[in-house]
Each structure stands twice: as C-alpha cells, then as structure tokens.
Amino acid sequence: MRSQVVQTIVSISLITIIAFGGLLTLPRSLTATDLSDAQAQEAALEAQLAALEAEIAQKTTELNAQKGQSASINNDIKILTTQIDKAKLDIKSKNLVITKLSGEITNKTKTIATLDTKLNHTKDSLAQLMRKTNEIDDATFVHVMLTNESISDFYTDVDTFASIKESIKTSIDNISHVKNETLTEKEVLSQKQDQELDAKAQIESAKHKVEVSQNEKEELLSVSKSKEKTYQTILADRQKKAAQIRSALFALRDTSAIPFGDALKYAEIAEKATGIRPAFLLAILTQESNLGVDVGSCYLADKVTGAGIKVKSGAAVLKVMKPTRDVAPFIAITTELGRDPMKTRVSCPFTFGYGGAMGPAQFIPSTWMLLKGRISTATGHNPPDPWSPNDAFMASAIYLSDLGADAQTYSAERTAACRYYGGGSSCTSTTAPYGNQVMAKAKKIQETMIDPLEGL
C-alpha cells in the first residue's frame, strides 16, 4: 500500500498543475465574445479617430492659409472661426481617446487582478506540496523496515517524489514567468493611465482656446463692417497688450530680470534644439526663481570646507558647497569666465544637503561640467555661462530633454519637473508639489503670455 503522505502529495501536485493550467487563461470577465466585441469597438473608435484627425489636418491647412492674408475684420473672424472649429475637433478626438483608454485600463486592471489571485493561490499550493515533500525526505530506510510498507513500494515512492520535485521546479519557473508578465501588464497600465491624463489635460487646454477665440469673435462681430476704424482700434489695443507682455520683466534667480520677450526668444531657441515646450521651460525657471526668493543666495567663503556666508546679511552658513564634489569645478567655471569665485552668487543649502547651485537654471558645478560641451555646441558660446540667461535656458532645456520632457505631454513634463527638483524616476510625495506648481505655472504662462502674442 502506498503511504498516505505520497497520496497527499500526488493530490496536491494535481491541484497545483490544475492551478497552473488556468494561470495563463483570460479573466472570466473576458470571454471570446467579450473579446470580439471589444476588438470591434476598438476598431470603430480607431476609424472615428482617423476621420477626426483628417478633419483637424484640413482645418490646420485652412488656418495657415488664412493667417497669411492681410488683416481685416472678415479675415480675423474667419481665423477665429477656424480656430474654434479645430479646437472643438481636438476635444472630440481626445474624448474618443479617453473612451478607448478607459476600456483598455479596465481590461488591464482585471487581467492584473486575475494574475495576482491565481499567483497567490498557486504559491499556497506549492508551499503545501513542498512541506509534504520535505516530510518524505526525512523518512529513512530504517523507517521503511519498521513499517508494513515493502521496499519495492518505498523505491516506487522515491521515483514519484523525484518526479514531483521536477514538477515543483517547473512550477517555480512558471511562477517567475507569470510574475514578469504581471509586471509588464502593470507597466502598460501605468502608460495607459498617463495617456488618459495627457488627453484630459489637452481637453482643458482646447476648451480654454475655444472660450478665448469665441469671445474675440463676438467682439469682432459686434463691430460693423463699415466701422473699419473701430477694428483698427481693437487691433491697436491687441498690439499694445502684446508690447506690454513682451516688455514685462521675467524674474531670474541669482541674476538680473530680463524682458519677457527676450525670455521667450531664448526658450524658443532652446525648443528648436531640444524639443522642450517654451511655456514649460519658462515655468521651471520661474519656479526656481521663486525658490530663490524663499532660500536666498550665498557666497562661497572657504574653499576647503565649502562653508560660506549669506549675501545680504554676511551670516555664516555651513555646507554652501560640497567640497569634494563641487568646489574645484566651481572655481574652474568662475575663473574661466573671469568671475571672482568668492563673490559669485550660488544657492544657500536647504535644511538638509548642500547648496552651491548656479544661476537661473540652478545647476551644481559638477553637473554643469557634464553638460558644458552640449551647451556650448547648442549656443555657440565657449565657455557657456551659468549666469547668462541664454546659456542657462539651453542648459535647463537639455537636461529636461534628458528627463523625457521633450515628449511635451502633461505626464512627461510633470515627471521631468519632479526629477529636475529631486532626482528619482517619478514623482513622490516630496517632489510632486514642485511638479504640480510647475505645471500650473506653465498653463498660466501659455494662456496669458504666449497665446496672446500669436500672430502679433
């Protein structure tokens, strides 16, 4: 007679195999019919998106043609009408994208939940199987001799155990495979969620453009065609507002403020070189400038320890610069630029870590040295100057591009802002407030300072 332990092991083994047999199947909520329906729905959405994209492309062509015509009430109304139509198509398109993504997110969530559940059940079955196997491993030949079990039965059991152990190894390999598959599904889910967030942000932007364009259109429609002078007055008011925006000072950290028109020009140059959206770049620099107001500036006072003093009060400050990492590069940078290293502003330390960051973009000296060649190639300035707005803008844009912000989506820019501030690979509870504030500033700069300059 086979031992009861062996029978138990075989039973558990069968349970485990059955569990694995169903491990890679679709969730019960996704039957073949459901899958077919989902694919048909996705195909329909894709067709609608393609049609909308064709309409958007046509409206873009019309808009570009209209902008090339001379200024008049009628032409401006046509431009605004086309802008409104294009923005509405954008909103419709993004709503379709969100609908499509919502279905995919739901399915991915169900798949992950099913995989996690079956994985846990299989681990439990394996644990029982291995415990029983260990019990048999402890059996000795003497034990067999003292029982009614024959030696031939014992060796048959040993062969069975060897087979079961081999199946355990296979099962463990399968668990590893499913864990990897689950991680992949979770990564895809995260990407889908980011895409949905991006689409929602684009909808909000498009809605704002519709509101602004609609107000401008109504203003022009209220002007009679016979009152061209009134139109000229409206046009003059817009140009006056644009001039005020361009001349408004754009604050920069540890250097003099510059006209917004110059700041936008530098940001647009950086965009051509790196793909970083001007409003986002300007928001990063604005955020850094605000931090400079809160933290203040310091001078390096001791080249050995990295200690320094406050610029305004002269109070002693420890850890202004990390001596083993940044003092030597800082002296090399300032010397090459003809600056006095002991009279050049750098950031003061926070309540933790070191200060020593330079200029509007707030790069520590060692990081600036790593980017120095790329900055010089992009600007043509050799050596590049961390305190020069042109070079600082380009440096910041290069670094943000390396962090993924050149994708120009809400989620990519927010993550890049978090990493710009605190490192890491994503936004955390520590860095998220910085990223959120940057995105809010970027929205305001785009809508109130960059958009009003379009066409003027």
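Predicted model: local features only at pLDDT ≥ 70, side-chain atom pairs only at ≥ 80, totals over all residues.
Mentor: Let's start with a word we'll need: buried means under 20% relative accessible area, exposed means over 50%, and partly exposed is in between (1.4 Å probe, protein chains only). Residues are numbered from 1 along each chain as its sequence is written, and side-chain values use heavy atoms, with hydrogens and water left out.

Trainee: Is Leu96 buried or exposed, then, and what is its relative accessible area?

Mentor: Leu96 has a relative accessible area of 12%, so it is buried. You'll find Leu96 in helix α3, residues 73-137. Helices (H or I, at least four residues) and strands (E, at least two) are DSSP runs, numbered from the N terminus.

Trainee: And which residues is Leu96 in contact with, leaving aside its neighbours within four places in sequence?

Mentor: Contact means heavy atoms within 4.5 Å. With those neighbours within four places in sequence left aside, Leu96 is in contact with Leu45, Gln48, Leu49 and Leu52. Take Leu52: 44 residues separate it from Leu96 in sequence, yet their C-alpha atoms are 9.8 Å apart.

Trainee: Let me zoom out. How many helices and strands does the protein chain have?

Mentor: There are 13 helices and six strands in the protein chain. The chain has 456 residues, and 40% of them count as buried. If you take contacts between residues at least 6 apart in sequence, 69% join residues at least 24 apart.

Trainee: What about the inside? Which residues have the most contacts in the largest nonpolar core?

Mentor: In soluble globular proteins, nonpolar side chains tend to be buried together. A nonpolar core here is a set of buried Ala, Val, Leu, Ile, Met, Phe, Trp, Tyr and Cys residues joined through side-chain atoms within 4.5 Å. The largest one has 56 residues, and those with the most contacts inside it are Phe250, Phe260, Phe280, Leu281, Leu282, Phe393 and Leu400. Helix α8 (residues 278-295) gives the largest share of this core, eight residues. Look at Phe393: beyond its neighbours within four places in sequence, its contacts include Phe250, Tyr266, Leu281 and Leu285. There is also a second, separate core of eight residues, with Ala87, Ile91, Ile98 and Ala206 among them.

Trainee: Now helix pairs. At what angle do the axes of α10 and α11 cross?

Mentor: Two packed helices are described by the angle between their axes and the distance between the axes. Axes are lines fitted to C-alpha atoms, for helices over the stretch in contact, with angles from 0 to 180 degrees between N-to-C directions. Helix α10 (residues 365-379) and helix α11 (residues 389-402) have axes that come within 9 Å and cross at roughly 110 degrees. That makes the two roughly perpendicular; under 35 degrees counts as roughly parallel, over 145 as roughly antiparallel, 65 to 115 as roughly perpendicular and the rest as oblique. Residues making the contact include Trp368, Leu371 and Ile375 of α10, and Met394, Ile398 and Tyr399 of α11.

Trainee: How do the axes of α7 and α11 cross, at what angle?

Mentor: The axes of α7 (residues 260-274) and α11 come within 9 Å and cross at roughly 40 degrees. α7 and α11 are therefore oblique to each other. Phe393 turns up in this contact on the α11 side, and Ala263, Tyr266 and Ala270 are among the residues on the α7 side.

Trainee: And what about α12 and α13?

Mentor: α12 (residues 410-422) and α13 (residues 432-450) have axes that come within 8 Å and cross at roughly 130 degrees. That makes this pair oblique. The contact includes Tyr410 and Cys418 of α12, plus Tyr434 and Met439 of α13.

Trainee: Last one, the backbone. Which residues does a cis peptide bond join?

Mentor: Asn382 and Pro383 are joined that way, with omega about 5 degrees. Pro383 is in the loop between α10 and α11. Also check Asp254, which is not glycine but has a positive phi near 60 degrees. Asp254 sits in the loop between β1 (249-250) and β2 (258-259), and it counts as buried at 14% relative accessibility. Lys319 has a positive phi too, near 55 degrees, but it counts as partly exposed at 43% relative accessibility. Its place is the loop between β5 (316-317) and α9 (323-336).
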